[in-house]
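Please consult the sequence and the structure shown below while reading.

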Amino acid sequence: MTSIQPGVGNTVTSATTTSSGSTASAGSGSGVNTQTIAGNFQTFLTLLTTQLKNQDPTNPLDTNQFTQQLVQFAQVEQQLKSNEQLSTLVSLQQTAQSTQALSFVGENVTVNSNTAQLAKGSTTWTMSSPKPSTATVNISNSSGQLVYSGTMTLQAGTNTFKWNGQGNDSTQWPDGTYTMAVTATDTSGQSVGVSTLVTGVVNSVDLTKNPPVLSVNGQNFTVNQIQGVSRSSL
């Protein structure tokens, strides 16, 4: 049996050391879970009781310190339980995100992007302007080559630009990925910020990412970047 030195300070230190050693023994011999404080809580109480029984009668232990230890130990146990519950909630949230992302596969979604997919000689960009302006539109292919340039008048709010795939020299460009660049000015010549949106089909979802990533027109987007959803035609 471990001897207990007189004095409150030495006794507390001995209790802590003994708790660590006895815990491992209890865990291997009685099946107590030594990986969590919850599994060792009863062992800790037994150690404290044993130490109280073996205290020096001429120098009794300070029970207030033992009470404080118990309170602190219980608080740590409670925090571990809270962490376990939080981990469960995070896992459930990730599962919900994956389920939500999978539901978009095959659907038409609208996202903030300047890249669209030309299919069967047609594609559309949506431009949002805060006020009336005149815009210069430049369209480039996936290699960065300029294939079309033109101007158009934008109204305040949503404007649609539909492109038939023809260049300025009437060349019909093949289906593929094309990027639009827009510069706009108002009637006083001041620059106007214009945002572009495109609609495309969600081809796939990468569930290994957190949050999951949706592939639209060769670009990746998260669910919270989707501006709108419409049912794709069968």
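## A residue at the surface

A residue counts as buried when its relative accessible area is under 20%, as exposed when that area is over 50%, and as partly exposed in between. The model discussed here is predicted. Leu102 has a relative accessibility of 47% and therefore counts as partly exposed.

Leu102 belongs to helix H3, which covers residues 63–102. Together with Val105 and Leu207, Leu102 forms a nonpolar surface patch whose accessible area totals about 240 Å².

## Strand E6: Gly157 and Asn159

Strand E6 spans residues 157–163 and includes Gly157; Asn159 is found in this strand as well. Gly157 is partly exposed, because its relative accessibility is 26%, whereas Asn159, at 9%, is buried.

The side chain of Asn159 makes a polar contact with the backbone nitrogen of Gln155 at 2.8 Å and another with the backbone oxygen of Gly157 at 3.1 Å. Beyond four places in sequence, Asn159 touches several residues, among them Trp125, Met127 and Leu154.

For Gly157, the contacts beyond four places in sequence are Met127, Ser128 and Ser129. The C-alpha atoms of Gly157 and Val194 lie 9.8 Å apart, although 37 residues separate the two along the chain.

## The nonpolar core

In soluble globular proteins, nonpolar side chains tend to be buried together. The largest nonpolar core of this model contains 32 residues, and Met127, Trp125 and Phe161 are among those with the most contacts inside it. Setting aside neighbours within four places in sequence, Met127 is in contact with residues including Gly157, Asn159, Phe161 and Val194.

Terms used
Residues are numbered from 1 along each chain as its sequence is written. This is a predicted model: local features need pLDDT of at least 70, side-chain atom pairs count only at pLDDT 80 or more; totals for chains, interfaces and linings use all residues. Side-chain values use heavy atoms; hydrogens and water are left out. Patches are made of residues with over 30% relative accessible area and no salt bridge: like charges are joined within 9 Å, nonpolar side chains (Val, Leu, Ile, Met, Phe, Trp, Tyr) within 5 Å. Accessible areas come from the Shrake-Rupley method with a 1.4 Å probe; for residues, only the protein chains shown count as cover. A salt bridge is a side-chain nitrogen of Lys or Arg within 4 Å of a carboxyl oxygen of Asp or Glu. Helices (H or I, at least four residues) and strands (E, at least two) are DSSP runs, numbered from the N terminus. Buried means under 20% relative accessible area, exposed over 50%, partly exposed in between (1.4 Å probe, protein chains only). Contact means heavy atoms within 4.5 Å. A nonpolar core is a set of buried Ala, Val, Leu, Ile, Met, Phe, Trp, Tyr and Cys residues joined through side-chain atoms within 4.5 Å. A polar contact is a pair of N or O atoms within 3.5 Å; within protein, one must be able to donate a hydrogen and the other to accept it, and residues adjacent in sequence count only if both atoms are side-chain atoms.
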